Amino acid sequence: MNFLSLHKRLERHSGLLIFGILVVSSIGGLVQVLPIVLDDAHGAPSAGLAVYSPLELEGRDIYIRESCSTCHTQQVRPLLAEVKRYGPYSRTGEFAYDRPFLWGSKRTGPDLARVGGKYSDAWHHLHLLDPRAVVPASIMPAYPWLAQRDADHGRSIAARMRALQMLGHPYTNEDIAAAPVQLEGMTELDAVTAYLQSLGRSMHAEPQP
Amino acid sequence: MKYEDRIVTAFTGCSVLWAVLGMLAGVYVAAELVWPTIDFGLPGLSFGRLRTLHTTLVLFGFGVSGLIATAFYSVQRTSHVRLFAPGLAWFVFYAWQLTIVLGGVSVMAGWNAGKEYAELEWPFDLAIAVAWVSFGVVFFGTIARRRMEAIYISNWFYGALIIVVAMLHIVNSLAVPATIGKSYSLFAGSQDAIVQWWYGHNAVGFLLTGGFLGMLYYFLPKQAEQPIWSYRLSIVAFWAFVYTYIWAGPHHLHYHSIPEWVQSLGMVMSLILLAPSWATMVNGIMTVSAAAKKLRSDPALKFIVLSLAFYGLATFEGPMLAIKSVNVFSHFTEWTIGHVHSGALGWNALITFGTFYFLVPRLAGTQLYSARMANIHFWLALAGVLLYVLAMWGAGVSQGVLWLSLDELGEVRFSFNDVMAAMKPYYLLRFIGGLLFLAGAVLMAFNLMRTFAGRRTVEIAPPAVPAARGLK
Ligand code: HEM
Ligand code: HEM
């Protein structure tokens with residue numbers, strides 16, 4: 001059989017086999033992933049989207065540190081029940097400053113894409129320190145250490161903003177110089193709260209048709 | 001020239017250790033969902049960090065160590081030569097184990113790149129890349145010096161594992177470092193999501209599926225003492241598998257903010273994937289069926305046959321979950337977790353256990369310490385995985401239906417918190433299932449340790465066949 005004799009060559013030559021695997025396994029990515037990554041339209045911010053403030057960025061990095069996204073999604077699907085429950089469905093342009101994206105894959109707790117402005121800062125403080133104080137049946141862990149730690153205790157906010165600036169986030173050098181001062185006197189609890197309050201903000205800013 | 005088998009022993013030992021520790025972390029995380037205060041306010045025990053530790057230890061500690069152990073064992077035997085560059089192979093060993101140890105500690109300390117199954121920060125990403133490429137050099141170097149003409153099927157799968165995972169890891173880890181423990185992804189938002197699930201799904205595809213199929217193709221025929229049923233089928237299935245898997249990633253992003261055509265393409269390719277997946281299963285089952293008698297007496301073979309059944313189940317369930325109208329219900333729910341563990345426990349863990357029960361006595365030059373213990377392990381594992389998966393199916397289908405349910409007035413019928421509270425009994429069942437599964441793994445660790453303690457030094461030399469003609 002023709003095809004078998006062709007394969008005979010492949011399986012007798014390790015270089016050819018490596019090459020074959022590389023070529024065959026690359027096709028999908030080249031056709032399906034690369035065009036989107038190269039298309040700036042898929043990376044452009046939506047009209048109302050603001051870049052994260054230093055405090056919000058600090059909060060977001062703490063959210064990543066604690067892996068909040070293992071339980072909370074940030075993606076409202078365009079389904080009736082989901083829009084009813086959480087708010088307007090998610091759009092590509094909302095995530096332009098999300099490195100990495102935090103959509104998550106498991107909703108052990110509720111979606112947070114529209115949580116900004118839904119509760120007061122005081123509610124978030126209470127909830128993060130003792131979830132069961134506000135939601136009796138909650139299975140969320142408590143995060144008491146957030147209140148005890150100063151925001152940016154590693155003194156790295158400027159370095160982090162500079163890295164993001166390199167990646168194209170619209171931070172000016174003045175923004176970066178001013179950031180450490182803005183975080184002074186803040187705790188990690190303040191930072192996470194500020195980040196949560198920022199979620200979905202661009203949707204509120206945008207006039208809904 | 002003897003086979004270099006001490007490195008196989010070393011990787012096997014570490015794999016068993018990571019299995020126990022990683023599943024212990026899994027059981028603990030499962031318990032935290034039932035009793036949320038048992039982290040005692042300690043950051044390192046907090047659910048998010050511990051869950052990340054769980055996936056890192058089981059996938060990269062247990063899974064990859066087991067794959068490298070069996071790849072090094074089988075590539076020497078199928079090539080009839082000693083491992084190429086044993087010094088480099090030992091470098092791979094130390095680099096990999098150190099990465100898991102320090103990486104695990106770093107996750108507990110809060111270093112996290114924020115991408116699923118790629119949470120380790122950039123210094124570890126570099127270490128992984130170097131170790132992985134070295135693994136490839138040792139593996140392909142051995143194949144290049146083989147004294148057989150044909151490269152055996154198991155090596156194609158291990159080869160695909162090495163090549164494709166290198167490609168995925170390097171691209172998905174591209175990032176700009178800000179500090180030693182913090183970097184930002186080169187990609188943002190939707191673009192990052194598409195790259196991440198190209199990586200994530202194919203880490204599943206080429207590691208949890210392809211890599212372990214390499215294990216299957218070597219150890220199943222060995223244990224069954226039968227040749228592979230259809231060689232031609234294995235060729236077709238291999239290339240279809242390598243081609244198709246890469247396209248399927250977007251089924252993790254159905255109804256998300258990515259283009260519709262990407263989702264639909266991902267769905268169609270996932271459905272097609274059923275064919276090569278099941279072709280391999282059929283090939284395996286037909287191979288064993290010729291040795292059905294041995295099945296009754298050999299605990300190792302029992303594990304492998306059961307793992308094939310779960311492989312069939314997970315690769316049937318997967319394409320079903322990839323259908324958009326099913327995914328609407330399953331996505332974000334415990335159903336996904338059930339699917340994951342029917343694959344991870346039922347397929348990956350069971351085939352590895354079976355392989356170790358076969359491998360360790362041979363490495364030790366002796367008999368398995370206790371076949372009875374291995375049989376008890378078999379039933380503990382089966383009970384554990386069934387309890388786990390059934391509980392998560394029940395939980396997941398309930399969540400999927402209740403979350404989307406609207407009443408006559410068009411309002412959502414159930415509050416999120418009510419549905420969450422209803423999960424408690426399922427979480428408890430899953431915890432018990434996990435505990436049984438872990439108990440079995442601990443029993444295995446003991447059994448294998450005792451087996452190895454009674455070892456007689458054996459070094460096995462490649463058979464003295466003349467090198468085949470015309471070899472490159
Ligand atoms: C033909 C084969 C398979 C297909 C088409 C497939 C498809 C899927 C789909 C549709 C999901 C759900 C995505 C979502 O809604 O978020 C999923 C999740 C997953 N599957 Fe499979 N699956 C297959 C086989 C397997 C096997 C054998 C394993 C082995 C362990 C596995 C491991 C996983 C994991 C770890 C996830 C969870 C990813 C995450 O959300 O974090 N799959 N798979
Ligand atoms: C004793 C056995 C195990 C128990 C009790 C266990 C428990 C858990 C729990 C509780 C979670 C979190 C689920 C959630 O967030 O809702 C999880 C996630 C996960 N586990 Fe396990 N696990 C076990 C073994 C394994 C093994 C052996 C593997 C892989 C070989 C594995 C792979 C995973 C993966 C990939 C996830 C993430 C799933 C996702 O994000 O969709 N687990 N496990």
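Between chain A and chain B the count is 5 salt bridges, a salt bridge being a side-chain nitrogen of Lys or Arg within 4 Å of a carboxyl oxygen of Asp or Glu. The model is a predicted one, in which local features need pLDDT of at least 70 and side-chain atom pairs count only at pLDDT 80 or more, while totals for chains, interfaces and linings use all residues. Residues are numbered from 1 along each chain as its sequence is written, chains are lettered from A and ligands numbered from 1 in the order in which they are written, and side-chain values use heavy atoms, with hydrogens and water left out.

**The interface**

The count between chain A and chain B is also 27 residue pairs in polar contact, both residues being at pLDDT 80 or more. A polar contact is a pair of N or O atoms within 3.5 Å; within protein, one must be able to donate a hydrogen and the other to accept it, and residues adjacent in sequence count only if both atoms are side-chain atoms. On the side of chain A that touches chain B, at least two residues each come from helix H1 (2-10), helix H2 (14-32), helix H3 (34-38), H4, H5 and helix H9 (157-166) of chain A, where helices are DSSP runs (H or I, at least four residues) numbered from the N terminus. H2(A) gives the most to this side, with 14 residues. By class, the side of chain A that touches chain B has 43 nonpolar, 23 polar and 18 charged residues; here Ala, Val, Leu, Ile, Met, Phe, Trp, Tyr, Cys and Pro count as nonpolar, Asp, Glu, Lys and Arg as charged, and the others, Gly among them, as polar.

The contact, meaning heavy atoms within 4.5 Å, takes 84 residues from chain A and 96 residues from chain B. Together the two chains bury about 7,800 Å², 68% of it on carbon and sulfur atoms, and this buried area is the accessible area (1.4 Å probe) that two parts lose on being put together, summed over both. Of the area that chain A buries against chain B, A:Gln32, A:Arg77 and A:Arg85 supply 10%, more than any other three residues.

**Salt bridges**

Over all chains, the structure holds 23 salt bridges, three of which are set out below.

| Pair | Closest N and O atoms |
|---|---|
| A:Glu66 and B:Arg49 | 2.7 Å |
| A:Glu11 and A:Arg12 | 3.6 Å |
| B:Glu4 and B:Arg6 | 3.9 Å |

The side chains of B:Arg49 and A:Glu66 meet in a salt bridge. B:Arg49 lies in helix H2 (residues 47-79) of chain B and A:Glu66 in the loop between helix H4 (54-65) and helix H5 (80-86) of chain A, so the pair joins two chains. B:Arg49 counts as buried at 2% relative accessibility, and A:Glu66 counts as buried at 2%, where buried means under 20% relative accessible area, exposed over 50% and partly exposed in between (1.4 Å probe, protein chains only).

In the pair within chain A, A:Glu11 is buried at 3% relative accessibility, whereas A:Arg12 is partly exposed, with a relative accessible area of 25%. In the pair within chain B, B:Glu4 is buried at 5%, while B:Arg6 counts as exposed at 56%. A network of salt bridges links A:Glu58, A:Asp61, A:Asp152, A:Arg160 and B:Lys182.

**Helix H11 of chain A**

Helix H11 (residues 188-198) of chain A is mostly covered, with 10 of its 11 residues buried, including A:Leu189, A:Val192, A:Tyr195 and A:Leu196. Just after H11(A), A:Gly200 takes a positive phi of about 85°.
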